[in-house]
Amino acid sequence: MPHVSGSVLPEGTAEAMLPRPFRVVSQHSETPDTVTLELESEDGGGMSFSPGQFTMLYVFGIGEVPISISGDPHKPETLVHTVRSVGAVTAAIAALRIGDRIGIRGPYGVGWPVGEAEGRDLVLAAGGIGMAPLRPVVLDVLARRDRFGAVSIVYGSRSPVDLLFEEELHSWRSRFDMEIEVTVDRSDEAWFGDVGVVTGLVPRISFDSTNTVAMLCGPEIMMKVVANELELRGLASESVYVSVERNMKCAIGFCGHCQFGRDFLCRDGPVLPYAQVADRLRVPEL
Amino acid sequence: MNLRSIRDSSELLTRLSNTELEFFETVSHEAQLANGEILFEEGGAAESFFIVATGKIGLEMTIPGRAPVVIQTLGPGDLVGVSWFFPPYRWNWRARALEDTTLVAFDALEVRRECEVNRDLAFEVQGVVAEEVVRRLHRTRIQLLDLYRTT
């Protein structure tokens, strides 16, 4: 047997798999099953990122999960994640308290094309927890609002208690420089807003279909129907971007767990042009 | 209210010819509802239909022992009511203003009568109503999927 010396991994892979220790500095319950954590690195280095990128969050002894960054890209000293408790690792993350330690790898992936949206109208459509990966876009746009045309947010949630960032939504709406439409699938007696699926909000918003970028984040069916509704309004699918997620493991395009057709979503995504993935989103096996 | 002022926001009005629009103007009037006011009741005769100009209408279902449940909201440009076009011409839901609302109210009896003699108009109206029904069916199916459920 020939002797093989050195690592079989590409250079830098081992370092990329090593989490950095962070501490929880703030914990806020968004909904009964969703928390927003503010984290600071123990090495004091912070983490610069682009809106739409994700990190791998490692709860020591339990496991690692990919979570999109929900914080302000202009404040890299604080890493913010909004996490819904749906499994063992995310439940452990949701249970973290101030001072607890967590491992972070990243940031990874291709984010939202905010630069491409400059000088154009911008439509953001979120469903459920999908509001979290779009929050950095909103914060980025608000920090330099004059560089964008009309900005619209349409946001659909299961019920009023499941709405994320409710106070921020109110404050964004009160600026009067963005159009914000929110709907819930199921209302309750205290809800005075819209009821119905998020696609029903699309006809209400104002944008120039010849000069608009749309960013959609939520369940894939929701993104498909919103993309269809935008197309009915005249927006070309080439101007629509979606965030697609699969089972990301290594996060560096090495293990193949998140392969989606010809793309590794951790490396080539999670944000991809809808025109590039629309056909694949109709393939059940993918 | 001049129908031309809200024409662009309404699929029905957009599809009408100028002549057809003139007919619709003769069978319509502006209606104002204060927040909370009832537009029509479940089971009532569907003798009108409406297009929202400003404000918001909630379609509600009455459930014994519970407060009415809003199942859908309709805003500017939306058509309120499709039951006026199909026998037995009775409302299936209650409609209530969820904020101060201005609507254009159409006399459904007159529109149905005109559709009997003007088949071109009937075709356009039927198409719009059918598309609205299909759109609501699709949205209801999406709602039934409960997409945002976590477990």
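Reader: How many of the 13 residues of α4(A) are buried?

Author: This is a predicted model, in which local features need pLDDT of at least 70, side-chain atom pairs count only at pLDDT 80 or more, and totals for chains, interfaces and linings use all residues. Residues are numbered from 1 along each chain as its sequence is written, and chains are lettered from A and ligands numbered from 1 in the order in which they are written. A residue counts as buried if 20 or more other C-beta atoms, placed from the backbone, lie within 10 Å of its own. Helix α4(A) is largely enclosed by the rest of the structure, because the number of its 13 residues that are buried is ten.

Reader: What is the radius of gyration of chain A?

Author: Taken over C-alpha atoms, the radius of gyration is compared with a globule rule of 2.2 Å times the number of residues to the power 0.38. For 286 residues a compact globule would have a value near 19 Å, and chain A agrees with this, having 19 Å.

Reader: Which element gives the most to the side of chain A that touches chain B?

Author: Two residues are in contact if their C-beta atoms, placed from the backbone, lie within 7 Å, and 24 residues of chain A are in contact with 20 residues of chain B. Helices (H or I, at least four residues) and strands (E, at least two) are DSSP runs, numbered from the N terminus; β10 (194–195) and α6 (220–232) of chain A each supply at least two residues of this side. The element that gives the most, with three residues, is α6(A).

Conventions
A residue is buried if 20 or more other C-beta atoms lie within 10 Å of its own, exposed if 12 or fewer, and partly exposed in between; C-beta atoms are placed from the backbone.
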